[in-house]
Amino acid sequence: MCTGEFPPDPQCGGMGSSILAAAAALTQAGHEVHVLHSAVNQPRVDVEHELGFTLHTRSIARSALRLFGRSGLAQAAAFRWHASKLGRFDVVEAPDWEAVVSGFVVLRRQPVVAYLATPTAITRAHGSTHGNRRREWFERWGCRRADARCSVGEPLSISLVELGWFDALSAVPIRPPCLLPELVAVDEVAMNETPMILAAGRFEPRKGFDLLIETAAKLKQPVSVVAIGSDTVGADGQSCVARLQHLAAKRGVDLTIVDAVSLTDMSVWYSRCWALVVPSTFESFSMVAMEAAAHYRTIVGSPSVGFVQLGSDSPGVLSLPREPEVWAAALDQILESRHEAVRRGRAAREFAMRHCAPATFAAQRGAIYEQITAR
């Protein structure tokens, strides 16, 4: 399994967490798992992780990144080179990220699974300035040539079909990330005495934090709002956190901003809140939604959030159009009593365990591996 982020970094997003959980689940299911982490200025490390898999850390030359990094070729070549020196594997699982998968489909030595989560074509369509059309091309080319593909969520699969990457949804089946063992073992903890709404993610326009503020301003009862994440600068050169704080002050919303924290610290915040909201305009999955649901907390998200689209039958996981009045009405019901918040939170936990259990993930991946190695 290849990754550019390991261990999980709260400043970077969910890729590190998803790889850690996947490696742990596959190891528990009896697979021999090797995780290859490659990034700039990384020490050479080969160590057995406490969860049972083997971690290999290798560096990418900064000179290669200067020459080829924007297209993703440096990352693709580095991962292919380092993997070849580790030996021959039955299957290589590589992400769309930075076109890494393209390095393994050229003169391939073993079957390749492309794991789609954050392709450049999607992130650029939603406001990111990272990457360019050359990288988009290499990512698409690598993913299309892989022996198997899977997507973290329905919004991503639909978007890729609409962009012409694939002809049908069947070409990129949905296989969501799974929970870490520590999240499976989480016990239900009493929430705050007074209602608190939580949101988490990098502060950028795509995350839709402005909808959170507009919603909070329309609630029947005053609540505290906590938003956790790292700041970014918008197209106008202004800090996104400063803009959000200005909006909150204007609307009279009690907003607390917290810098990105580790999963251990996030667990404390999940336990305190009455509900977690994901107001993003697009979210291929949302690791924070899955984690909060594992902590028995209700999830409210937009239809463009992968986690909430895994099912439509849970009172604890709501998919709502991005309208403040609609969100406020739903949150008013959740926050009207501790009993109601607890009831919905337990439903959210059941939802997460049903769709994102490690054993389910391992069985789905095992079926893919068996199919492509038998060809």
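Predicted model: local features only at pLDDT ≥ 70, side-chain atom pairs only at ≥ 80, totals over all residues.

**Pocket and cavity linings**

Modeller: Let's start with the second largest pocket: its lining splits by class into 13 nonpolar, four polar and four charged residues. That makes a lining of 21 residues, and the ones nearest the pocket's centre are Glu32, Val33, Phe89, Asp90 and Val91. Strand S2 (34-40), helix H3 (73-86), strand S5 (92-95) and helix H14 (358-373) are the elements that each give two or more residues to this lining. The largest share is that of S2, at three residues. As for volume, the second largest pocket holds about 480 Å³ of space.

The largest cavity has about 50 Å³ of space. Sorted by class, the largest cavity is lined by four nonpolar, three polar and two charged residues.

The second largest cavity comes in at about 30 Å³. Its lining is made of Cys2, Met15, Ile19, Glu93, Ala94, Pro95 and Tyr115. Helix H1 (15-28) and S5 are the elements that give two or more residues there, and S5 gives the most, with three. Six residues of this lining are nonpolar and one is charged, with no polar ones.

Key: Residues numbered from 1 in each chain as written. Heavy atoms only, no water. 1 Å grid on protein atoms, 1.4 Å probe; cavity = no way out; pocket = protein on both sides within 12 Å on 5 of 7 lines; lining within 4 Å. Points joined across faces, edges and corners; volume = space filled by probe spheres on them. Helix = DSSP H or I, 4+ residues; strand = E, 2+ residues; numbered from the N terminus. Nonpolar A, V, L, I, M, F, W, Y, C, P; charged D, E, K, R; others polar.
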